[in-house]
Amino acid sequence: MPLDNTFVSKLPSVKTTIFTTVGNLARKHGAIDLSQGFPNFPTDPKLLDLVTQAMQAGHNQYAPMQGYYGLREIIAEKIEKLHGKYYNPEKEITITVGATQAIYTAITAFVHPGDEVIVIKPAYDCYEPAITVNGGAPVYVQLKPTDYNVDWELFKSKITSKTRMVIINSPHNPTGRIFSKEDMLQLQEILKPTNCIVISDEVYEHIVFDGHTHESASRFDDLASRSFVCASFGKTFHVTGWKMGYCVAPEALMHEFRKTHQFAVFCVDHPVQRAMAAYLKNEHHYLDLNAFYQEKRDFFITAIKDSRFRLKPSQGTYFQLVDYTAITDEADEDLAKRLILQHKLACIPISSFNENNSDHNRLRFCFAKTTETLEKAAAILNTI
């Protein structure tokens, strides 16, 4: 008997992501692509050589489920040096298939049907489907487009007896803002009397500008005691296609995380883990990223300073939001499509990431591109 296809979808409202939609349209029309968050410049040949060496040395079979110990050990050293918090490499650090898998695994391990999870909007689009597919209910705190600061009183009002988890993201995609020390202290104070777990998405941890400091959840004792901190080597080292990240958390939380992790992926690419362990020994490979990307941010915003787009310089990530209210009252998705079709330039409309898809007339451009690409993109924006 053939399948009658009358099954009930667990994600009935999920459509093709805006990244796929825009990416396909950009390729079809040969547009300059400043939409998706991936660099178009080469990876460091040293890192590529280290992967090759690991393969040639025979590290081509399964890695340990938790990840190669040498990599977990150097991650522990890095976090302790930068944030003053020690995580036990054996029991509190797991290597993951990028940060997305880490986030999905943490949600799956702890969110039960009927649980609520607070999501700060605009939010990266992997959070809500993971909550929903596990029977949870996203609860939103929408940031206002004037400054994208968190209204902590509003946040506090969203916490109920059903709140299982809170997801934060700093540096924040798509707005480019960072959570200050004061933000993190307020969050910590609000959560102290609760039993809420935190997922702290810190994939842009090493891309912070203008002398600001990345305030990791690891820096705050009570937050650290309840947090999964998720990070990405793909974002840090310009290798997003390798899907390599890590997650750190206190032992009790990580114990539950690994129960799900081992049956979702079991382990992560072995030779790449070996290469990352060797590459991380030179701290300049990640500490110099702030200056590297700030130069690109500054080049891009200077190049469009005489355009009709308005902006506040991004504080972190490799994204820049622009306000187009002085140009048109079009919906952001319509303008983004027109930019591709008429001007051969691709970006991401932000309404897809807001509560109820509210449109604040903002577009997101990725400046993790070569100078040549940014020059061409700026020349187009200056004509609009």
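On a 1 Å grid over the protein atoms alone, a cavity is a set of points where a 1.4 Å probe fits but cannot get out, and its lining residues have an atom within 4 Å of a point. Grid points are joined across faces, edges and corners, and a volume is the space filled by probe spheres set on the points. The model is predicted: local features need pLDDT of at least 70, side-chain atom pairs count only at pLDDT 80 or more, and totals for chains, interfaces and linings use all residues. Residues are numbered from 1 along each chain as its sequence is written, and side-chain values use heavy atoms, with hydrogens and water left out.

**Exercise 1.** State the volume of the largest cavity and describe its lining.

*Solution.*
1. The volume of the largest cavity is about 50 Å³.
2. Its lining includes Ile79, His83, Glu202 and Tyr246.
3. Helix H3 (69–83), strand S7 (227–232) and strand S8 (245–248) each contribute at least two lining residues; helices (H or I, at least four residues) and strands (E, at least two) are DSSP runs, numbered from the N terminus.

**Exercise 2.** Locate Phe367 and determine whether Phe367 is buried or exposed.

*Solution.*
1. Phe367 occupies the loop between strand S12 (362–366) and helix H15 (371–381).
2. Phe367 counts as buried because its relative accessibility is 0%; buried means under 20% relative accessible area, exposed over 50%, partly exposed in between (1.4 Å probe, protein chains only).
3. Leaving aside neighbours within four places in sequence, the contacts of Phe367 include Phe209, Tyr293, Phe300 and Leu374, where contact means heavy atoms within 4.5 Å.
4. Phe300 is 67 residues from Phe367 in sequence, with 7.0 Å between their C-alpha atoms.

Conventions: 1 Å grid on protein atoms, 1.4 Å probe; cavity = no way out; pocket = protein on both sides within 12 Å on 5 of 7 lines; lining within 4 Å.
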